Amino acid sequence: LERTEVRGAAFNRSLEAYGANEDAGEYGSSVESGMPVLQFHAGGRLIGIMAWFGVHCTCLSRDNDLVSGDCKGVASYLVEQSMGASYADAEHFVAAFPQAACGDVSPLDQGRGDD
């Protein structure tokens with residue numbers, strides 16, 4: 001398990017409530033920027049990753065009525081494509097971005113739709 005930092009991707013939408021926590025001043029940021037990443041290997045090659053990031057999947061506008069993986073679905077797709085995934089191949093690279101603790105954290109592109 002490794003850990004990487006993702007800065008500038010999210011914001012705390014309730015700073016007043018966050019600031020009311022007794023330990024709020026003990027942290028360098030009002031959002032968790034750490035992202036644990038677990039790699040999966042088989043036969044000496046990387047076959048997938050799972051990366052937890054705490055942000056609500058609210059990038060699409062409320063007018064979107066299509067089924068979507070929102071920002072985490074796009075992240076999965078982009079990582080898989082960068083690894084040469086071919087969805088016709090039963091053994092392609094898989095990237096998953098399950099939910100981490102997100103509290104009042106929203107993505108920077110919240111609700112902007114298809115811009």
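**A guided walk through the model**

The structure holds one aromatic pair (rings of Phe, Tyr and Trp, the last by its six-membered ring, pair if their centres lie within 6.5 Å; planes under 30 degrees apart count as stacked, over 60 as edge-to-face and the rest as tilted). Its partners are Tyr 77 and Tyr 87, stacked with 6.5 Å centre to centre and 25° between the planes. Tyr 77 belongs to helix 2 and Tyr 87 to the loop between helix 2 and strand 5, so the pair ties together parts 10 residues apart in sequence. Tyr 77 is partly exposed, at 45% relative accessible area, and Tyr 87 is partly exposed too, at 42% (buried means under 20% relative accessible area, exposed over 50%, partly exposed in between, with a 1.4 Å probe and protein chains only).

A word on what you are looking at: this is a predicted model, where local features need pLDDT of at least 70, side-chain atom pairs count only at pLDDT 80 or more, and totals for chains, interfaces and linings use all residues. Residues are numbered from 1 along each chain as its sequence is written, and side-chain values use heavy atoms, leaving out hydrogens and water.

Now turn to the sheet. It is open, has four strands in the order 1-3-4-5, and its pairing is mixed (strands pair if DSSP finds at least two bridges between them; helices, H or I with at least four residues, and strands, E with at least two, are DSSP runs numbered from the N terminus). Strand 1 (2-5) and strand 5 stand at the edges with a single partner strand each, so one side of each is left without a neighbour in the sheet.

Strand 3 and strand 4 run antiparallel, joined by six bridges. Their hairpin has two residues between the strands, and Gly 43 there takes a positive phi near 60°. Follow strand 4 to Gly 48: Phe 40 stands opposite this glycine, and Gly 48 also stands opposite Val 94 in strand 5. Strand 4 and strand 5 (residues 94-96) run parallel, with three bridges between them.

Finally, look for the largest nonpolar core, which has 12 residues, including Met 35, Ala 51, Phe 53 and Phe 97 (such a core is a set of buried Ala, Val, Leu, Ile, Met, Phe, Trp, Tyr and Cys residues joined through side-chain atoms within 4.5 Å). Strand 3 (34-42) and strand 4 (45-51) each supply at least two residues of this core. Leaving aside neighbours within four places in sequence, Met 35 is in contact (heavy atoms within 4.5 Å) with residues including Val 6, Ala 51, Phe 53 and Phe 97.
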